[in-house]
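Keep the 3D view open as you read.

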Amino acid sequence: MTESYTPQGTTLFSPYKMGRFNLSHRIVLAPMTRCRALNGIPQAANVEYYKQRATPGGFLITEGTAISPTAAGFPHVPGIYTDEQIEAWKKVVDAVHAEGCLIFCQLWHVGRASHQVYQPGGTASPISSTGKPISDRWRILLPDGSHGKYPTPRPLATTEIPEIVADYRQSAINAIRAGFDGVEIHGAHGYLIDQFLKNGINDRTDHYGGSTANRCNFLMQVVRAIVSAVGADRVGVRVSPAIDHMDAMDSDPLSLGLAVIERLNRLQREMGKKLAYLHITQPRYTAYGQTEAGRHGSQEEEAIMMRTWRKAYDGTLMCSGGYTKELGMEAVVQGDADLVSYGRFFISNPDLVNRFRFNAPLTRYIRATFYTQDPVVGYTDYPFLNQQSSPLSRSRL
């Protein structure tokens, strides 16, 4: 258990040593789906987008990146499973590194949060831990811009799961080939790994279902496989035990989070080396980017949950989900987190680090352009501080 987290006087702008990596500040670009990688291939626009948000000694995490042809659930999301994709990502990585910035690739399989149209051949059912579909409360974005119902998934046979683990491992190897400094395993927000972790979804009767220990098996097999391939200090893990995005509910999120942390700590002790970080989404996060008290209890109860996980995890902890500059500063100053990742603010403020540093006003984001395919509008055209005459600086949420 970690008892002391941050030196006195630590802020968002204090340097931090994350294993082998030296960061000059603690403001991280959170992974966010943006749908600009046409046909799964990163484009020149992707290069510009990440370069804009790179700072010397900074840390970026890419959007969710598909690990296989079955992994996508949005139009035009990038992959990391073909040579063409690897070569395209090299241009992104090189541009970020030229700015003196680190970048990890987030490895993603959406599981049942997909549709036949995104599957090989356009007819196969998406895979999952379960045969239960996501409820009608949610809608999937389709390639033509419309929204549809999530289909009934196909539960993976026990014998198929090692194949998916192997896909994760190979995608990590591919990411390192592309020049990435490391990878983040997306185990959060109702996607495939979370579909195994949460007892509100996982209804399996094999050794991947039932008890909390069994439900952690798939995640830990993925972690071990990737660590064996690229090294522990190049691997981050993202989880969201208390988030119900796409029906990803658990009856005891506090205990689920502690179970994951216990297993990660045990793995680190076995290896004699720590993972790069654990990335946890704050319980107040919701699917639509708002903050909401009372979803899993009061704000104080949610804060206690996060602090409990923080104290339990032996390593670098990153938090995300609805953080303002002030809330992020508070989390770091109080030792509740080592790093804070920002999403929506970073979309509309490519120079977010400087804006926070100098208390400059923030440009408001345009939600309607989050998932379009335009390579400029709502993607690379948000102004920097020295461009504040731009009409976008007067846009509204």
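Buried means under 20% relative accessible area, exposed over 50%, and partly exposed in between (1.4 Å probe, protein chains only). The model is predicted: local features need pLDDT of at least 70, side-chain atom pairs count only at pLDDT 80 or more, and totals for chains, interfaces and linings use all residues. Residues are numbered from 1 along each chain as its sequence is written, and side-chain values use heavy atoms, leaving out hydrogens and water.

Start with the rings. The whole structure holds 17 aromatic pairs. Rings of Phe, Tyr and Trp (its six-membered ring) pair if their centres lie within 6.5 Å; planes under 30 degrees apart are stacked, over 60 edge-to-face, and the rest tilted. Phe196 and Phe218 have ring centres 4.4 Å apart and planes at 35°, so this pair is tilted. Phe196 sits in helix 4 (residues 192–197) and Phe218 in helix 6 (residues 217–230), so the pair ties together parts 22 residues apart in sequence. Helices are DSSP runs (H or I, at least four residues), numbered from the N terminus. Phe196 and Phe218 are both buried.

Tyr365 and Phe370 also form a tilted pair, at 5.4 Å centre to centre and 45° between the planes. Tyr365 is buried at 4% relative accessibility, and Phe370 is buried at 6%. One aromatic cluster includes Tyr365 and Phe370, along with Phe74, Trp108, Tyr191 and Tyr371.

Now return to helix 6. Leu219, Met220, Val223, Arg224 and Val227 of helix 6 meet Val260, Arg263, Leu264, Leu267, Glu270 and Met271 of helix 7. Contact here means heavy atoms within 4.5 Å.

Conventions:
Helices (H or I, at least four residues) and strands (E, at least two) are DSSP runs, numbered from the N terminus.
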